[in-house]
Amino acid sequence: LNAASTVNQTVASLTTPLQFDTINTLYGLGIAFTAPGSTATITVSGVYQITYSAVAGTSSASTFFTGARIFLNGVEVPGSASSTTIGPNIVQMLNGQAIVTVASTPATVQIIASVPDASFPAQYASASFSIVRLN
């Protein structure tokens, strides 16, 4: 699966699932996704590589941290977080990945973006994520 977002998204909380409105590739069995949406479902147990990328910026006059991470079944995947500082005229790319073992299905996957609080909104653009079954 490879899905992408063709529209900018506003992130204004600690747990904002990124939305993806385009499926670029969905091949084989074991991964389901409906666009537009924020949740992919793994339906076949195995080992999977999950990757994501997004461009983050803000129209705020303040400088602050923003980040994204992979959630599997509602739990953050350790080591999947990517964070950066954004602010006036500062736009940054976020990239993250994880290799996970899915023992029981169905399993849900989301890319969750965050900012400190609603007074520091971030705009995410060109977001995409991929899930590849490795075995």
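User: Is threonine 10 buried or exposed?
Analyst: Threonine 10 is exposed, because its relative accessible area is 52% (buried means under 20% relative accessible area, exposed over 50%, partly exposed in between; 1.4 Å probe, protein chains only). This is a predicted model: local features need pLDDT of at least 70, side-chain atom pairs count only at pLDDT 80 or more, and totals for chains, interfaces and linings use all residues. Residues are numbered from 1 along each chain as its sequence is written, and side-chain values use heavy atoms, with hydrogens and water left out.

User: Which element holds threonine 10, and what is threonine 10 in contact with?
Analyst: Threonine 10 belongs to strand 2. Strands here are DSSP runs of E with at least two residues, numbered from the N terminus. Neighbours within four places in sequence aside, threonine 10 is in contact with Thr16, Pro121, Ala122 and Gln123 (contact means heavy atoms within 4.5 Å).

User: How far apart are threonine 10 and glutamine 123?
Analyst: In sequence they are 113 residues apart; C-alpha to C-alpha, threonine 10 and glutamine 123 are 4.6 Å apart.

User: What does strand 2 pair with?
Analyst: Strand 2 (residues 9-11) runs antiparallel to strand 13, and three bridges join them. Two strands pair if DSSP finds at least two bridges between them. Glutamine 9 stands opposite tyrosine 124 of strand 13.

User: Which other strands are joined to strand 13?
Analyst: Among them is strand 1 (residues 2-4), joined antiparallel to strand 13 (residues 122-133) by three bridges, with alanine 4 opposite serine 128. Strand 7 (residues 46-57) also pairs with strand 13 in the antiparallel sense, over nine bridges; there, glutamine 49 stands opposite valine 132.

User: Switching to the core. Which residues touch the most other members of the largest nonpolar core?
Analyst: Tyr124, Phe129 and Ile131, out of 34 residues in that core. A nonpolar core is a set of buried Ala, Val, Leu, Ile, Met, Phe, Trp, Tyr and Cys residues joined through side-chain atoms within 4.5 Å. Elements giving two or more residues to the core are strand 6 (40-42), strand 7, strand 8 (64-72), strand 11 (92-102), strand 12 (107-114) and strand 13.

User: What does phenylalanine 129 touch?
Analyst: Residues up to four places away in sequence are not counted; among the others touched by phenylalanine 129 are Phe20, Phe33, Tyr52 and Ile111.

User: Strand 8 is on that list. Why is strand 8 called largely enclosed?
Analyst: Because eight of its nine residues are buried, strand 8 is largely enclosed by the rest of the structure. Strand 8 is antiparallel to strand 10, with five bridges between them, and phenylalanine 64 has isoleucine 86 as its bridge partner in strand 10. Strand 8 also pairs with strand 12, antiparallel over six bridges, where arginine 69 stands opposite isoleucine 112. Two bridges join strand 8 to strand 9, again antiparallel.

User: How many salt bridges are there?
Analyst: The count comes to one salt bridge (a side-chain nitrogen of Lys or Arg within 4 Å of a carboxyl oxygen of Asp or Glu). Glutamate 76 forms a salt bridge with arginine 69, with the closest N and O atoms 3.4 Å apart. Arginine 69 counts as buried at 13% relative accessibility, while glutamate 76 counts as partly exposed at 36%. Glutamate 76 is also the bridge partner, in strand 9, of phenylalanine 71.

User: What about the backbone: which non-glycine residues have a positive phi?
Analyst: Asparagine 73 is one of them, with phi of about 55°; asparagine 89 is another, at about 60°. Most residues other than glycine have a negative phi, and most peptide bonds are trans. Asparagine 73 lies in the hairpin of strand 8 and strand 9, which has two residues between the strands, and is partly exposed at 44% relative accessibility. Asparagine 89 is in the loop between strand 10 (82-86) and strand 11, and is exposed, at 83%.

User: Where are cis peptide bonds found?
Analyst: One runs from alanine 35 to proline 36, with omega near -5°; proline 36 is in the loop between strand 5 (31-32) and strand 6. Another joins threonine 105 and proline 106, with omega about 0°, and proline 106 is in the loop between strand 11 and strand 12.

Note on methods:
Helix = DSSP H or I, 4+ residues; strand = E, 2+ residues; numbered from the N terminus.
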